[in-house]
Amino acid sequence: MPDYQTHDFDVVVIGAGGAGLRAAVEAKERGLRTALVCKSLLGKAHTVMAEGGAAAAMGNVWPEDNWQVHFRDTMRGGKLLNNWRMAQVHAQEAPDRIYELERWGALFDRTDDGRILQRDFGGHRYARLAHVGDRTGLELIRTLQQRAVSLDVEVFMECKVLRLLKDAEGRVSGALGYWRATGDYVTFNAKAVILATGSVGKAWLYTSNSWESTGDGHAMALWAGADLIDMEFIQFHPTGMVWPLSVRGVLVTEGVRGDGGVLRNSEGRRFMFDYIPAMFAAETADTEEEADRWYDDHIDNRRPPELLPRDEVARSINTEVKAGRGGPHGGVYLDIASRRTADYIRRRLPSMYHQFMELAGVDITVEPMEVGPTCHYIMGGVRVDADTEATTVPGLFAAGEVAAGLHGANRLGGNSLSDLLVFGRRAGMAASDFAEGRTGTPSPLVSEVERAIAEAEAPFDRQDGDNPYQVHQDLQRTMQELVGIIRTESELVQALDELDKLDERARRVSVPGGRAYNPGWNLATDLPAMLTVSRLAAKGALERRESRGGQTRDDYPKADAELGKVNFVQRLGAGGAFTITPAPIAAMPAELQKLLEEEPS
Amino acid sequence: MAEVTMRVWRGDPGGGAFTDYTMPAVEGEVVLDVIHRIQAGPAPDLACRWNCKAGRCGSCSAEINGIPRLMCMTRMDSLPPEEPVLVAPMRTFPVIRDLVTDVSFNFEVAKRIPAFTPEPAGPDGTHRMMQVDIERGQEFRKCIECFMCQDVCHVIRDHEENKRAFAGPRFFIRLMELEAHPLDTLDRRQLIHRDMGIGYCNITKCCTEVCPELIHITDNGIIPLKERVVDSSYDPVARLGRRILRRRAPAPADDVAVKSAGN
């Protein structure tokens with residue numbers, strides 16, 4: 001077996017997107033020996049691609065806004081399946097986290113009186129997203145990166161983590177990974193580990209996610225014995241690019257609609273007026289005139305239907321295209337050119353302007369964009385305690401997209417960046433508490449290290465196995481076609497069957513070359529996690545016999561009140577079999593319940 | 001069927017050479033798409049960095065036909081169709097493998113820059129800044145750290161020895177961002193002068209030309225930064241004023257030592 005080096009820390013954070021960086025900053029400020037381990041270079045994590053903004057009820061544009069309204073919007077957007085305590089904490093703490101970024105050097109766009117400007121987004125009653133043009137994620141990650149560097153957090157870049165390591169008592173006590181540059185193995189001994197590994201989108205064919213989003217944290221938590229919930233809830237962002245094919249799935253920010261853009265079908269109709277669900281009828285405009293007035297007057301007018309929550313908009317686009325009212329490349333039209341001046345568009349949406357001009361040869365100040373749904377986000381993930389982000393395994397914490405609960409069945413745009421900050425910080429605090437309270441030196445079992453290294457090495461020993469790229473592409477096609485935006489029992493059963501075969505093939509992949517910076521091998525080591533999260537998603541989708549948020553079942557088109565009271569919990573049972581069981585959602589305190597019942601005035 | 005030939009540098013710190021890969025041409029593709037198809041086909045171990053594939057993360061920098069560019073934003077149809085497309089790693093940084101270079105120099109420079117140090121918040125606990133006062137800083141904060149400005153900078157491109165004394169364009173705009181920040185209280189001018197090597201730059205603007213974010217690195221960053229440093233170092237009135245008033249706290253570390261030595 002190859003040798004490996006070992007590092008000792010109090011807190012090890014896996015993943016250096018917004019949540020991981022914020023968690024590491026917190027633990028380091030507490031004076032703990034803190035390591036930040038990431039699969040790419042620092043500052044390149046998927047957070048960098050977030051565009052529109054971070055939702056926080058600061059009330060800078062609409063003084064009527066407050067945490068109670070933000071809580072209500074988040075819960076309704078999540079179809080009430082959210083962990084209410086997370087939604088409450090998130091809404092209450094998000095403003096402080098934004099102001100904190102400003103003290104660390106972030107330069108958000110300003111209001112006329114010099115405060116942080118906020119923009120409109122889908123599902124939010126008031127303009128609530130702190131932003132920097134359409135590159136808010138870059139601002140967030142750079143600010144946190146610079147903060148972490150100034151605190152001297154130890155950063156281990158381009159290190160892929162393969163497994164969490166436990167001690168004899170079952171506590172998470174470290175992690176095993178390898179350096180991408182050399183292929184050499186490394187273990188981190190830790191008193192507490194925080195997962196902040198982000199998404200799973202690379203298991204789907206058309207996705208806004210980067211190559212890193214392979215569900216590593218989801219899978220490692222499952223393998224370590226943690227509970228996962230809500231894995232059936234996948235968000236398909238309504239507006240991804242559809243052409244050229246090579247950029248299909250690349251995100252087009254919701255900010256285009258927040259800033260006045262509208263969706264039209266091939267007949268020129270603003271079709272979203274045809275898809276206003278009963279749940280949102282009271283707060284959604286039903287004429288174009290009212291919708292257009294809303295941008296300047298949120299009090300006496302209702303929101304345009306283009307700004308319904310993402311699940312509603314994505315489904316509607318899907319329906320329009322299926323009905324033959326789509327564009328030449330299978331999308332619909334997103335038009336801001338006819339509604340705003342070229343100057344305004346270039347100032348508010350500079351990255352979108354650049355992206356379409358460079359990649360598609362489309363000038364968005366002159367012509368509409370063609371867009372369609374793209375796999376964007378997973379609401380489900382590791383089950384955590386709302387206040388501490390502790391998972392069900394001692395010593396393991398999770399924050400950001402890898403954790404579940406805040407967003408319920410569907411996430412509102414803008415709630416992800418604030419999620420990272422609020423719960424990244426809380427995970428850092430709780431993991432620090434845990435590390436400080438833990439006695440003795442963490443001593444992970446060596447047998448786990450040996451087994452995982454042997455598994456990682458295996459592709460080099462085979463000669464004529466499958467190509468990992470081929471297995472990955474077939475997985476993406478399977479998930480896209482069978483566990484996509486609209487699901488049905490027969491296809492989900494077929495998907496699970498296909499996943500069995502892909503599992504077999506993944507076990508037989510072979511790679512040429514050595515271990516040093518070998519992308520073929522890197523992909524081979526990503527496949528087990530991708531296959532695991534794909535199975536969790538398919539199983540969850542099969543079990544939840546209803547349509548709600550990011551789960552749409554053709555064979556169960558309505559929401560089921562009883563299923564609205566449970567999360568589906570998945571874990572590894574004895575013998576390595578997956579189990580799935582419903583768990584009741586905790587009852588909400590009366591004062592929060594009351595916030596949901598109040599209709600907007 | 002139309003084809004494209006990619007002439008890709010392959011090798012490691014011990015050396016390497018260009019290898020040709022001829023692939024079918026596909027409409028609308030960028031260079032990175034073809035590199036990905038080479039990985040999925042003839043060369044699964046071809047090393048390259050990438051993340052977002054949308055020009056946001058600055059990972060896939062390479063020298064395409066001799067010019068530093070992001071592979072994800074360089075359309076194949078913008079390159080001469082009849083010639084092989086030359087793809088090489090950034091030359092200023094040591095090769096790790098194939099198109100991947102060791103850019104740790106940049107992360108080390110970042111550690112030497114004293115952090116943003118704001119003045120206290122207003123009575124309501126927040127800061128006020130006007131949009132017009134932060135626009136310059138926002139321009140610099142568009143930087144995606146692709147490090148192509150560092151790659152093309154002749155001060156360090158073929159002069160490894162200068163790296164010790166020179167921060168490079170990426171960090172000059174970072175420093176100018178801090179200098180221009182309405183709330184920052186530190187004075188980093190001596191540091192910029194002595195440790196960051198602003199004087200090495202002789203304004204050839206190569207950095208500005210390759211910036212994928214179209215940041216005016218030279219005009220808005222380096223030149224104003226040079227002016228500030230000159231004012232602080234050589235203007236006798238300013239020097240006297242600085243001694244008497246000490247309006248801004250000096251930057252910590254090396255600079256403090258220099259001052260106490262009787263500067």
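Author: Happy to; here is a walk through the boundary between the two domains of chain B. Please keep in mind that this is a predicted model.

Let's begin with the partners. The domain assignment places domain 1 of chain B at 3–101 and domain 2 of chain B at 104–260. Where they meet, 14 residues of domain 1 of chain B are in contact with 18 residues of domain 2 of chain B. Together the two domains of chain B bury about 1,200 Å² between them, and 53% of that area lies on carbon and sulfur atoms. On the domain 1 side, three residues stand out: P68(B), T92(B) and F93(B) supply 45% of the area that domain 1 of chain B buries against domain 2 of chain B, more than any other three residues.

Now for the charged and polar links. Between domain 1 and domain 2 of chain B there are 2 salt bridges. There is also a salt bridge to look at by name, in which the side chains of E63(B) and R157(B) come together at 2.9 Å, N to O. As for polar contacts, 6 residue pairs join domain 1 of chain B to domain 2 of chain B, with both residues at pLDDT 80 or more.

Which elements carry the domain 1 side? Strand 3 (61–64) and strand 4 (67–70) of chain B are the ones that give two or more residues to the side touching domain 2 of chain B. Strand 4 of chain B makes the largest share, with 3 residues.

Conventions:
Residues are numbered from 1 along each chain as its sequence is written. Chains are lettered from A and ligands numbered from 1 in the order in which they are written. This is a predicted model: local features need pLDDT of at least 70, side-chain atom pairs count only at pLDDT 80 or more; totals for chains, interfaces and linings use all residues. Side-chain values use heavy atoms; hydrogens and water are left out. Domain bounds come from an automatic or database domain assignment. Contact means heavy atoms within 4.5 Å. Buried area is the accessible area (1.4 Å probe) that two parts lose on being put together, summed over both. A salt bridge is a side-chain nitrogen of Lys or Arg within 4 Å of a carboxyl oxygen of Asp or Glu. A polar contact is a pair of N or O atoms within 3.5 Å; within protein, one must be able to donate a hydrogen and the other to accept it, and residues adjacent in sequence count only if both atoms are side-chain atoms. Helices (H or I, at least four residues) and strands (E, at least two) are DSSP runs, numbered from the N terminus.
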